[in-house]
Amino acid sequence: MEAAGDAVFRLDTQGAILYASRRAADLTGSPELAGRSLAELVEPADRPALDALVVQARTASQPRKSNLRIQAANGVLWIELQVSAYAAAGGETELLAVGRDISGQQATEERLRHMATHDALTGLPNRSLLSDRIRMGIAHSRRTGEGFAVLALDLDGFKKVNDALGHPVGDALLRVAAMRLSETLRDVDTLARVGGDEFVAVLPGAITEGEIQVIARRMISTMQLPFEIQGHTLYVGTSIGAAVFPEHGDSEVKLLAHADTAMYRAKETGKARCVIYSHHRFNQPEHDVSMEAAMFQGVRDGEFLLHYQPIVNARSRQIVGFEALMRWSRPGQGMVSPAQFIPMAESNGLINLLGAWALKAACVQIRRFEEAAGRPLYVSVNVSPRQFRNDQFLDIMDEAMKLSGLDGQKLLLEITEGILMSDPEHAESLLNAMAARNVRIAIDDFGTGYSSLAYLKRFPIATLKIDRAFIKDLPASVKDVAICNVVLSLASHLNLTTVAEGVESEEQLQFLAAHGCGMIQGYLTGRPLLPEQAIELLKSGRPVKQDAVAIE
């Protein structure tokens, strides 16, 4: 045992040292150990563990082990102490304690624990430790009734530093930023780096707007000071969003999500400010993961379908075309509102697949409608922003027209004003390519977006669809009358056709027809129909009744 480097002690049943090896004396720096209690060499915090070990060794037939800290000549050491009972020469029971130095092993384990819970670049807690602190905060709050705040921070302008000067300079800036932010917080607060230039702070007891804003202002102020990094003077800022437990969320996920939402609002409204989450001001629907999964499954199972709403001539009331409207019939839940699944499909990219299918199906279906009607008709199909930006959109459109044999003049693609203005150069190129194929372009919900008259001159637009917001109060609303007159006059002078959306009364139709609106779309002249219902209607040659059976 001496050769192995272990410290050996003979003890009586009370833990007093009867004999100590040379290694034990060297390790503790005490040459005379006999007669002393082993507990004297152990750190006070670990003495209860030693007492329990001695008791267990006296009563058990097997050796017992425990990791303890002892006061050594060179400071505090971790040892693995194994204690076993044996019968001495005189028949009395004694204890044999063998201690092995495991300080190196403990230091390695401590480093690994630190690495698992802290960010390597800044030394701050990472997402794992942050999660633990938030859960502890929730548990404490439920016991005491004292809330806490979660702050989400993002550095403004950091990406420009990274792009211009490289990641080494960006990393150095993050280390300084982490140090500055930490200095603004109280000892009870937690600051974590959760990725890139994103930080999260947990503030126990801070629940009022005043308390949160005081701390947030300190953070914003310290980040506005110049950063001297590797010979560069750099300026960045920070935008902060805050959420309070339990007012803004009763779980870690909701608190972080709502703090993030508030932080992005701070960025959108000027940066270098703190916005506190509010259920009243931030009323967007939460992302439904289960619905998203059901959407993908629904595509595989063929749960999506198209309904067709008639578009009629305002004077003759004859059907001249249909708008294809996507619907989702979810098993066990019925029809899902497009307001729910269309934004989700746009977000996750599924709209490209659904949109391509809708365009092909609508082009094929309108040919069947023409056969039933015995006259030319057109089909109107909505194009989402993500579809419009898809490099393969023209190929998809060409394939749909080739598959159906549809002439381009009978296809009307509806886009919003925002699509045109987000990237005018790309929009102009794509719209000109569509126009070269005789495909017509309509501006959907005209008057509710940017409403820039410049794009009416710049882009090859054929149709304006007047939004229902300007139709629903006609003809009683003086303002709506004025707006509709202006739009209809503008369209007439630019030789554009017009479609009024959301027409629900005879008075509205009469007013629009009298003032030059070419086409009408709404519940008055036809609700969205299944293809079979639309074919039956076309074969009958009669106008759609207001009480016609249709699936919304």
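Reply: Let us begin with exposure: a residue is buried under 20% relative accessible area, exposed over 50%, and partly exposed in between, using a 1.4 Å probe and protein chains only. This is a predicted model, in which local features need pLDDT of at least 70, side-chain atom pairs count only at pLDDT 80 or more, and totals for chains, interfaces and linings use all residues. Residues are numbered from 1 along each chain as its sequence is written, and side-chain values use heavy atoms, with hydrogens and water left out.

Me: Which residues of α13 are called exposed, and where do they lie?

Reply: D395, K402 and L403 are the exposed residues on the face of α13 turned away from its buried side, so each has over 50% relative accessible area.

Me: Which residues of α13 are buried, and what puts them on the same side?

Reply: F393, L394, I396, M397, A400, M401 and S404 of α13 are buried. They lie on the same side of α13 because they cover an arc of only 165° around the axis, where the arc is that of the directions from the helix axis to the C-beta atoms.

Me: What makes the lining of the largest cavity partly polar?

Reply: The lining has 3 nonpolar, 3 polar and no charged residues, and Ala, Val, Leu, Ile, Met, Phe, Trp, Tyr, Cys and Pro count as nonpolar, Asp, Glu, Lys and Arg as charged, and the others, Gly among them, as polar.

Definitions and conventions. Helices (H or I, at least four residues) and strands (E, at least two) are DSSP runs, numbered from the N terminus.
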